[in-house]
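This briefing goes through one protein chain, grouped by topic. Please keep the sequence and the structure in view while reading.

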Amino acid sequence: MFAVVRTGGKQYRVAAGDKIAVEKLAGEAGDTITLGDVLLAGEGDSLADAAKVTVSAEIIAQAKSEKVIVFKKRRRHNYRRRNGHRQQMTLLRITDVGTGAAKKAAAPKKEAAPKAEAAEKKAPAKKAAPKKAAAKKTEAK
């Protein structure tokens with residue numbers, strides 16, 4: 001399935017697995033974002049309702065684009081100015097193009113938080129044991 005999305009004032013035709021470079025978006029490398037402004041969607045020759053389609057992407061990196069040279073000159077006035085500019089951009093990998101139901105099915109995969117909480121509860125118990133041993137040493141003196 002493909003979709004046409006608008007971000008950063010430009011439009012991109014994307015499908016699952018595509019890599020695109022867009023204007024800078026907020027987020028760190030590895031974060032998952034949703035491109036909400038879907039203009040057109042479909043598969044092959046048939047078009048789908050763009051309002052029901054969501055496009056999710058993973059941020060690969062935050063980078064700078066190629067340098068653009070800005071050169072100003074006024075002839076016969078000995079005026080020359082050379083400047084450069086590198087625009088900030090975000091590299092995205094499109095992970096999913098589909099309806100909202102497909103996105104809801106992917107959401108339960110991120111339930112690793114309860115395991116992390118259990119590990120945190122065990123960690124203070126291990127730290128408590130050496131404190132008891134330290135208390136016995138002070139009593140022995």
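Gly9 sits in the loop that joins strand S1 (2-7) to strand S2 (10-15). With a relative accessible area of 74%, Gly9 is exposed. The model is predicted. Its chain holds 2 helices and 10 strands, and the order along the sequence is β-β-β-β-β-β-β-β-β-β-α-α. Of the 141 residues in the chain, 20% are buried.

- The C-alpha atom of Gly9 is 9.5 Å from that of Val22, and the two residues are 13 apart along the chain.
- Lys10 and Glu23 form a salt bridge, with 3.1 Å between the closest N and O atoms. This pair links distant parts of the chain, since Lys10 belongs to strand S2 and Glu23 to strand S3 (residues 19-23), 13 residues apart.
- Lys10 is partly exposed, at a relative accessible area of 38%.
- Glu23 is also partly exposed, at a relative accessible area of 26%.

**Other salt bridges**

- How many salt bridges does a search of the whole structure find? The search finds 3.
- One of them joins Arg6 to Asp37, whose closest N and O atoms are 2.8 Å apart.
- Arg6 counts as partly exposed at 40% relative accessibility, and Asp37 counts as partly exposed at 32%.
- Another joins Glu58 to Arg93, with the closest N and O atoms 3.5 Å apart. Because Glu58 lies in strand S7 (residues 53-64) and Arg93 in strand S10, the pair ties together parts that are 35 residues apart in sequence.
- Glu58 has 26% relative accessibility and counts as partly exposed. Arg93 is partly exposed as well, with a relative accessible area of 30%.

- Is Thr90 buried or exposed? Thr90 has a relative accessible area of 0%, so it is buried; the cut-off for buried is under 20%.
- The side chain of Thr90 makes a polar contact of 2.7 Å with the side chain of Gln62.

**Surface patches**

- Which residues form the positive surface patch? They are Lys64, Lys67, Arg82 and Arg86.
- Arg86 is placed in the loop between strand S9 (79-85) and strand S10 (88-99).
- At 42% relative accessibility, Arg86 is classed as partly exposed. Patches are made of residues with over 30% relative accessible area, so Arg86 passes that cut-off.
- A nonpolar surface patch of about 250 Å² consists of Leu39, Leu40 and Leu47.
- Leu40 is in strand S5 (residues 38-43). Its relative accessibility is 33%, and Leu40 therefore counts as partly exposed.

- Arg76 is in the loop between strand S8 (68-74) and S9. Arg76 is not a glycine, and its phi is positive, near 65°.
- Arg76 is exposed, with a relative accessible area of 72%.
- Asn78 is found in the loop between S8 and S9 too. Although Asn78 is not a glycine, its phi is positive, at about 50°.
- Asn78 has a relative accessible area of 67% and is exposed.

**Points to keep in hand**

- The loop between S8 and S9 contains Arg76 and Asn78, and the loop between S9 and S10 contains Arg86, a member of the positive patch.

How values were computed
Residues numbered from 1 in each chain as written. Predicted model: local features only at pLDDT ≥ 70, side-chain atom pairs only at ≥ 80, totals over all residues. Heavy atoms only, no water. Patch = residues over 30% accessible without salt bridge, like charges linked within 9 Å, V, L, I, M, F, W, Y side chains within 5 Å. Areas by Shrake-Rupley, 256 points an atom, 1.4 Å probe, with all protein chains shown as cover. Salt bridge = Lys/Arg side-chain N within 4 Å of Asp/Glu carboxyl O. Lys, Arg positive; Asp, Glu negative; His and termini not counted. Charge placed at Lys NZ, Arg CZ, Asp CG, Glu CD. Helix = DSSP H or I, 4+ residues; strand = E, 2+ residues; numbered from the N terminus. Buried < 20%, exposed > 50% of the residue type's maximum accessible area, 1.4 Å probe, protein only. Polar contact = N/O pair within 3.5 Å; in protein donor to acceptor, adjacent residues only side chain to side chain.
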